Amino acid sequence: MIYLQLFWEFFKTGLFAVGGGLATIPFLYDMSARYSWFTKEELANMLAISESTPGPIGINMATYAGINAAGLPGGVVATLALVLPSVIIMILIAGAMERFRDNRIVGSVMKVLRPVSVGLIASATLTVLRVAYIQEGTDLLAMIKWPALALGAVILAVNLKWKKLHPVVLIAIGAAGGIALGL
């Protein structure tokens with residue numbers, strides 16, 4: 001049953017997460033609320049791992065989430081389910097593209113998809129920021145994860161100061177800082 005649930009949830013995610021891997025985050029956030037496959041904190045860890053490993057973020061996150069939920073077979077099911085809608089759509093589009101290349105309706109649909117992609121990515125960004133920097137509580141100052149915020153500010157400052165710094169260096173700084181701060 002879990003494999004069917006994984007397949008269905010990640011198939012829907014692959015079908016509707018327009019805009020790349022970061023657009024999958026709102027869908028994963030929703031899954032964390034509905035299923036016990038992973039927590040919001042684990043979702044933040046998945047994002048960090050997916051960002052720092054080779055390959056597309058969405059696929060890395062689907063694989064990680066699937067393995068977390070149902071072991072290696074779950075990882076395979078989630079990954080294939082995430083990719084399958086794109087494969088199907090690309091096969092259909094490739095066959096019809098020549099006939100509809102200059103179609104006004106197709107152009108209008110593409111114009112609509114751009115802001116949708118931006119919205120999904122913005123939602124993903126806000127979700128990640130909330131998980132990374134805010135915890136449950138009623139007092140605003142007590143809700144902020146100050147060590148994480150300070151580490152994020154340091155990494156941002158380093159990145160702004162040395163713009164040509166390789167991302168691996170920033171990841172290493174973040175990892176070392178996170179370990180040192182117990183994050």
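F7 is partly exposed, because its relative accessible area is 32%, where buried means under 20%, exposed over 50% and partly exposed in between (1.4 Å probe, protein chains only). The model is predicted: local features need pLDDT of at least 70, side-chain atom pairs count only at pLDDT 80 or more, and totals for chains, interfaces and linings use all residues. Residues are numbered from 1 along each chain as its sequence is written, and side-chain values use heavy atoms, with hydrogens and water left out.

**Aromatic pairs**

- Rings of Phe, Tyr and Trp (its six-membered ring) pair if their centres lie within 6.5 Å; planes under 30 degrees apart count as stacked, over 60 as edge-to-face and the rest as tilted.
- By this rule there are 2 aromatic pairs.
- F7 and F11 are stacked because their ring centres are 5.7 Å apart and their planes stand at 20°.
- Both F7 and F11 lie in helix α1, 4 residues apart, about one turn of the helix; helices (H or I, at least four residues) and strands (E, at least two) are DSSP runs, numbered from the N terminus.
- F11 counts as buried because its relative accessibility is 18%.
- Y35 and W37 form a stacked pair, with 4.2 Å centre to centre and 5° between the planes.
- Y35 and W37 are both buried.

**Nonpolar core**

- A nonpolar core is a set of buried Ala, Val, Leu, Ile, Met, Phe, Trp, Tyr and Cys residues joined through side-chain atoms within 4.5 Å.
- The largest one has 23 residues, and F10, L28, M31, F38, L43 and M61 touch the most other members.
- At least two residues of this core come from each of α1, α2 (25–34), α3, α4 and α5.
- α4 supplies the largest share of this core, 8 residues.
- Leaving out residues up to four places away in sequence, M61 touches I25, L28, L43, M46, L47 and S50, where contact means heavy atoms within 4.5 Å.

**Serine 32**

- S32 is in helix α2 and counts as buried because its relative accessibility is 11%.
- With residues up to four places away in sequence not counted, S32 touches F38, T39 and K40.

**Pockets and cavity**

- On a 1 Å grid over the protein atoms alone, a cavity is a set of points where a 1.4 Å probe fits but cannot get out, and a pocket is an open set with protein on both sides within 12 Å along at least five of seven lines; lining residues have an atom within 4 Å of a point.
- Grid points are joined across faces, edges and corners, and a volume is the space filled by probe spheres set on the points.
- The largest pocket holds about 1300 Å³ of space.
- Its lining has 33 residues, and A44, A48, V128, A132 and Y133 are the closest to its centre.
- The second largest pocket holds about 690 Å³.
- Its lining has 26 residues, with G14, V18, S86, I89 and M90 nearest its centre.
- α4 gives the most to the lining of the second largest pocket, 13 residues.
- There is 1 cavity of 30 Å³ or more, and the largest cavity holds about 40 Å³ of space.
- The largest cavity is lined by I25, L43, A44, L47, T127, V128 and V131.
- α3 and α5 are the elements that give two or more residues to the lining of the largest cavity.
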